[in-house]
Amino acid sequence: MAAHREAAHRKPGPRLFAGPAARTAATLALAGAAAATALEGAAQADPQVTPAQVKAKVDRLYHDAEVATEKYNGAKEQAAASEKSLDALRDEAARRTERLNTARDALGSFATAQYRSAGIDPAVRLALSSDPDQYLERASYEDRAGDRQAGAINGVRRQISDIAQLRARAEDELTDLATRRAELAKHKDSVRTKLADARKLLATLTADQRADYEHSADAAHGGGGGGRAGRSTARGTVAAPNARAAQAVDFAYGALGKPYVWGATGPSSFDCSGLTQAAWRAAGVSLPRTTYTQINAGQPVSRSELVPGDLVFFYSGVTHVGLYIGGGQMIHAPRPGAPVRIAPISEMPFAGATRVA
């Protein structure tokens, strides 16, 4: 009896869940833990970015893209100059090599003739000659020819040295060109990345928010839409100071509404410095390619002295340029998605101005 009671006490207690019930309980427990973790993560997540913050970031990305665009333009101009210089060096080396080969052929012919006649002693040749006077005259000529030959050999040596120097310069230029092309690729990637990031941010906005952003950006740059409609294209009342400036201004007016494309210099699209370069090119004046070189391409003028045709620059890094048209207005290519338009120069931080002609 006692043994029976002891065995009863050792009998294991009842199992709360078994089989499918146990698996169900485990699943519920894991789900609860996951939900708790998700709630905890949500509580610790960064606050949602507001539309105003998105717009500010997009503006910054567009500005940074323009900075990279001007660096790209500069690297492209330098790469083109390196290519031109390399081609010129190679052409000159080829021309000099051709002249060297001609000189070598002449020396070879002279050496062959000398070898053929060198086997007879000069005294014997004199003795055997039927006309000693003629022989002596020929011998004097050969002496002079030997002097010319020595000069020709020295000339060949100089040509070989010059060609070697040309080829060394070409190798240096080729190295510079590779560096320029690497810079070009780097700046191109930078522009594309920043523009892609801007598009991604804009995609997070609703259609109404994007429309609001475009409207506010247009208003800030003096525009009223994506094309010519909604923007005044009337000519200002301030006359250009000379015929060339008038031609540059006329070109800029004719470009109104054309799209902004980074790296473009016309005729169907422009970036900011591409527009000013094209405008003055139409007036017969050659400007350098970038904003930071165009600012040094003329006579500096103060903001109070501006006249139509002057180049106006913005931001501390001189990363944007427009063509002044009078009345505190300019024509410029603002940014991707915003075509060439008229805008007040007061809308951006003024960095300086240059009078080209």
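Helix H3 gives the most to the lining of the largest cavity, with four residues, a cavity here being a set of points on a 1 Å grid over the protein atoms alone where a 1.4 Å probe fits but cannot get out, with lining residues having an atom within 4 Å of a point. The structure is a predicted model, in which local features need pLDDT of at least 70 and side-chain atom pairs count only at pLDDT 80 or more, while totals for chains, interfaces and linings use all residues. Residues are numbered from 1 along each chain as its sequence is written, and side-chain values use heavy atoms, with hydrogens and water left out.

The protein chain has nine helices and six strands, which are DSSP runs (H or I of at least four residues for helices, E of at least two for strands) numbered from the N terminus. Of its 357 residues, 32% are buried, where buried means under 20% relative accessible area with a 1.4 Å probe and protein chains only.

A search of the whole structure finds one cavity of 30 Å³ or more, and about 40 Å³ of space lies in the largest cavity, a volume being the space filled by probe spheres set on the grid points, which are joined across faces, edges and corners. Helix H3 (51–117) and helix H5 (132–203) each supply at least two residues of its lining. Among the lining residues are Tyr62, Glu66, Val191, Trp262 and Arg335. The lining divides as follows, with Ala, Val, Leu, Ile, Met, Phe, Trp, Tyr, Cys and Pro counted as nonpolar, Asp, Glu, Lys and Arg as charged, and the others, Gly among them, as polar.

| Class in the lining of the largest cavity | Count |
|---|---|
| Nonpolar | eight residues |
| Polar | one residue |

A nonpolar core is a set of buried Ala, Val, Leu, Ile, Met, Phe, Trp, Tyr and Cys residues joined through side-chain atoms within 4.5 Å. In the largest such core, which holds 29 residues, Tyr253, Trp280, Leu311, Leu323, Ile331 and Val340 touch the most other members. The elements that give two or more residues to this core are helix H7 (243–254), helix H8 (272–282), strand E2 (311–314) and strand E3 (320–326). A second, separate core of twelve residues includes Tyr62, Val191, Leu202 and Tyr213; Tyr62 and Val191 also line the largest cavity.

Helix H8 is mostly covered, with nine of its eleven residues buried, including Cys272, Leu275 and Trp280. Just after H8, Gly284 takes a positive phi of about 85°.

Technical notes
Buried < 20%, exposed > 50% of the residue type's maximum accessible area, 1.4 Å probe, protein only. 1 Å grid on protein atoms, 1.4 Å probe; cavity = no way out; pocket = protein on both sides within 12 Å on 5 of 7 lines; lining within 4 Å.
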